[in-house]
Amino acid sequence: MRVLFVVLLYFLDILSWAIIINALLSWFLRPDNPIKSFLDRMVEPFLRPFRALFRRFAGNSPIDFSPMLAILAIYLLRMLIQRIYFLV
């Protein structure tokens, strides 16, 4: 059971770093770059609900804050998992 928690925590770490790297690379690389395309495919399923939520409240904003919202959600999920991990 503990192994599952550890693996899940590592997955969330990798996902949060992939979101950060993807956001930073979007400033420098074209969308058709292979590395950027790979990261987009990896993080887009997780970012999509946050983009929809942000678009609903902020309208057509030129700045995409969905990566920050996603990282906040990952952080909260990590805290929840760690609390459960120490209870088990």
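Predicted model: local features only at pLDDT ≥ 70, side-chain atom pairs only at ≥ 80, totals over all residues.
1. Residues are numbered from 1 along each chain as its sequence is written, and side-chain values use heavy atoms, with hydrogens and water left out.

2. Ser 66 counts as buried because its relative accessibility is 0%; buried means under 20% relative accessible area, exposed over 50%, and partly exposed in between, with a 1.4 Å probe and protein chains only. Between Ser 66 and Gln 82 there are 24 Å in space, C-alpha to C-alpha, for a separation of 16 residues in sequence.

3. For the chain as a whole, the secondary structure comes to three helices and zero strands, and the pattern read along the sequence is α-α-α. The C-alpha trace spans about 45 × 30 × 15 Å along its principal axes, and of the 88 residues in the protein chain, 23% are buried.

4. Helix 1 and helix 3 (residues 66–87) have axes that come within 10 Å and cross at roughly 165°, the axes being lines fitted to C-alpha atoms, for helices over the stretch in contact, with angles from 0 to 180 degrees between N-to-C directions. The two helices are therefore roughly antiparallel to each other, given that angles over 145 degrees count as roughly antiparallel, under 35 as roughly parallel, 65 to 115 as roughly perpendicular and the rest as oblique. Helix 1 passes helix 3 in a left-handed crossing, meaning that the near helix is turned anticlockwise from the far one by less than a right angle, whereas clockwise would be right-handed.

5. With helix 2 (residues 34–58), helix 1 packs at an angle of about 125°, and their axes are 9 Å apart. That angle makes helix 1 oblique to helix 2, and the crossing of these two helices is left-handed.

6. Phe 28 is found in helix 1 (residues 2–28), and because its relative accessibility is 66%, Phe 28 counts as exposed. Together with Trp 17, Ile 20, Ile 21, Leu 24 and Trp 27, Phe 28 forms a nonpolar patch on the surface, with about 720 Å² of accessible area together. Accessible areas come from the Shrake-Rupley method with a 1.4 Å probe, and for residues only the protein chains shown count as cover. Patches are made of residues with over 30% relative accessible area and no salt bridge, joining like charges within 9 Å and nonpolar side chains (Val, Leu, Ile, Met, Phe, Trp, Tyr) within 5 Å; a salt bridge is a side-chain nitrogen of Lys or Arg within 4 Å of a carboxyl oxygen of Asp or Glu.

Notes: Helix = DSSP H or I, 4+ residues; strand = E, 2+ residues; numbered from the N terminus.
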